[in-house]
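Keep the viewer open as you read.

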Amino acid sequence: MATVATRIRTLSPAGFLRLAVASCVALFLVVTSGAFVRLTGSGLGCDNWPRCGDKPYPEQGFHAFVEFGNRMIALVGIVLTLVTWLAARKVDGLPRVAQLAALGAFLVAAAQIPLGGVTIALDLHPLAVMAHFLLGLAVLGLAVVVVIEAWGYVNGLAAPAGPRWLRQVVTLAGLPLCVALVVTGAVATASGPHPGANEDVKRLGLEIADAVYVHVRVATAFGIGALVVGWFLWRVRGAYPGLLRLWGLLVVALVAQAILGEVQYRNALPWGLVLVHVSLAATIWALSLALACALWRPPAEMARG
C-alpha cells in the first residue's frame, strides 16, 4: 500500500493521463460485460449475493462463471477509479473539474455494488436492471471527462471552438438528447426477449415494436443534430482538425448502430448482435460527451494538423 501511495505522489501528468485512459477502458468493459451477463441469461447465475453459491467464487456452471466474471471486471473498474481519484489529488495544477469528475466516477462506481445486490434481490426487475446499466454509463461519462481534462492538462488547451451558442446547444440539448437515446434503447431492450436469466423474470410490459418506434425517432433526431454540428465543425476544420476527426468517429458509430439496429430487429434480436448494439451505445455516449467537453476546452492537439 505504501508503494502505491509513493507512486501516486510521483505520478507525472502524462502518467495520470495513461491512468485515466486505463480507467475509462475498464469502465467500458464493465458496461459490455454487464450486457453479456444479461444477454446470456446469467443474471441470476450466482445465488446468495455477494457470494456465488456457498462460496465467494463460482464452483461450476456457465452462468455462474459469467456473472462472477462480470463482478471481477467491475471490481477492477472500481479500483482503477479509486486510484485515479487519489492520483488526481496529487497532480499539481490539474483542473478541479478533473478532480471532481474522478471523485464522482469512484463514488458512482462504488454505488454499483449495492445496486447490483438490489437488482438480484428483485429477481432482475427490468427497472433495476436499467438503473444498473444507466449508472454504468454515468460512470463511463465521468471517466471520459477526466480523460479530456487530463489530455488538455498534458498538452495545453486551445481556445474554445465555434460560437458560444453552438457549445451551449451541444451541451444543453445534444447531451440530453443522447441520454434520451440510451434510455429509450434500454427500454427497448427491457421490452425484448432477453430478460437476463432463464427463470420467469418480470418484463416491462411494453410492446417491443412500440419501444423501438420511440427509440428510432429519438435516434433520428440525434443523428440530424449530429450532422448540424458536423457542418459547423467543417467550417472550422482548419483550426480544429482534431474535433472534426472526433465527430467523424461519432458519425461512423451512429451509422454502424443504425444498420445494426435494423438488422437485429429484423432477425428477432439475436443476443450477439444486441451485445454489439449495447457496446456501440456506450461508444456513442462516450464520444458525444468527449465532443461536448472538447468544444469548450479542446486539448491543443485537436487544434493541430
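**Cysteines and a serine**

C178 has a relative accessibility of 0%, so this cysteine counts as buried. Please keep in mind that the model you are looking at is predicted.

What keeps C178 from forming a bond with another cysteine? The closest cysteine sulfur belongs to C293, and at 12 Å from the sulfur of C178 it is too far for a bond; a disulfide would need the two sulfur atoms within 2.5 Å.

Now move on to C293 itself. Its closest cysteine sulfur is the one in C24, 11 Å away, which is again too far for a bond. C293 is buried too, because its relative accessible area is 19% and the cut-off for buried is under 20%.

The partners are C46 and C52, with 1.9 Å between their sulfur atoms. If you check the torsion about the S-S bond, you will find -60°, making the link of C46 and C52 left-handed. Both C46 and C52 are buried.

Our last stop is S279, which you can find in helix α9, the stretch covering residues 271–296. Is S279 buried or exposed? Its relative accessibility is 15%, so S279 counts as buried. To see what surrounds this serine, set aside the neighbours within four places in sequence: S279 is then in contact with F28 and T32.

Note on methods:
Residues numbered from 1 in each chain as written. Predicted model: local features only at pLDDT ≥ 70, side-chain atom pairs only at ≥ 80, totals over all residues. Heavy atoms only, no water. Helix = DSSP H or I, 4+ residues; strand = E, 2+ residues; numbered from the N terminus. Buried < 20%, exposed > 50% of the residue type's maximum accessible area, 1.4 Å probe, protein only. Contact = heavy atoms within 4.5 Å.
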